[in-house]
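Here's a quick briefing to read with the model open in your viewer. Have a look at the fold before going through the points below.

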Amino acid sequence: MSQNYARRLVVKKMKRMTLLKLALSGEGKEDAVLLFEKGLNVITGDSDTGKTYAFQCLNYILGAEKLPKPIVEARGYTTISLEFEIDNDLYKIERSLINAN
C-alpha cells in the first residue's frame, strides 16, 4: 500500500438515530405531520392515503435526489422537515419541495 493511500481508520460506536417528526409546511397551509415514537413504527392505511408519499418524503429529506412524486394532497406545501435525536441531542433538517429545474 502506498504512503499516499494509507490513512488511519477511526472506528467509533454507532450512535442511535431516532426519528421524531416528519412535517410538510407551506404558506397558508396547516402543517402535515407524521409523528414517530421510539422503537418500531408501522404506517398502515387504505390505498391512496399517503403511505408511499411519506416514505418518499423521508428518503428525500435524508438525501435522495428525486423529489417525492407529486400528489394532489401535497399542493401548496413547499418545505419538508425532519426532527430527530442522536444520543439525546435534538436535530432538525429542512429541504425545499420546490423543483429547481
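**Around Thr18**

Leaving out residues up to four places away in sequence, Thr18 touches Lys38, Phe84 and Glu85. Keep in mind that this is a predicted model. Two of those neighbours, Lys38 and Glu85, turn up again as a salt-bridge pair.

**Thr18 and its strand**
- Thr18 sits in strand S1, which covers residues 17-25.
- Its relative accessible area is 13%, so Thr18 counts as buried, the cut-off being under 20%.

**Salt bridges**
- How many salt bridges does a search of the whole structure find? The search turns up two.
- One of them joins the side chains of Glu85 and Lys38, at 3.1 Å from N to O.
- Glu85 belongs to strand S3 (residues 79-86), while Lys38 is in the loop between strand S2 (32-35) and helix H1 (51-61), so this pair ties together parts that are 47 residues apart in sequence.
- Glu94 is exposed, with a relative accessible area of 55%.
- As background, side chains of opposite charge can pair when their charged atoms come close.

**Strand pairing**
- S1 and S3 run antiparallel and are joined by eight bridges.
- Within that pairing, Leu24 has Ile80 in S3 as its bridge partner.
- S3 also pairs with strand S4 (residues 89-96), again in the antiparallel sense and over eight bridges.

**Nonpolar core**
- The largest nonpolar core has 14 residues, and Leu22, Leu24, Ile80 and Leu97 have the most contacts inside it.
- Which elements give two or more residues to this core? They are S1, H1 and S3.
- H1 supplies the largest share, five residues.
- Ile80 touches a list of residues that includes Leu22, Leu24 and Leu97, and also Cys57, Tyr60 and Ile61, not counting residues up to four places away in sequence.
- Glu94 is also among the residues that Ile80 touches.

Notes
Residues numbered from 1 in each chain as written. Predicted model: local features only at pLDDT ≥ 70, side-chain atom pairs only at ≥ 80, totals over all residues. Heavy atoms only, no water. Salt bridge = Lys/Arg side-chain N within 4 Å of Asp/Glu carboxyl O. Helix = DSSP H or I, 4+ residues; strand = E, 2+ residues; numbered from the N terminus. Buried < 20%, exposed > 50% of the residue type's maximum accessible area, 1.4 Å probe, protein only. Contact = heavy atoms within 4.5 Å. Pairing = 2+ DSSP bridges. Core = buried A, V, L, I, M, F, W, Y, C linked by side-chain atoms within 4.5 Å.
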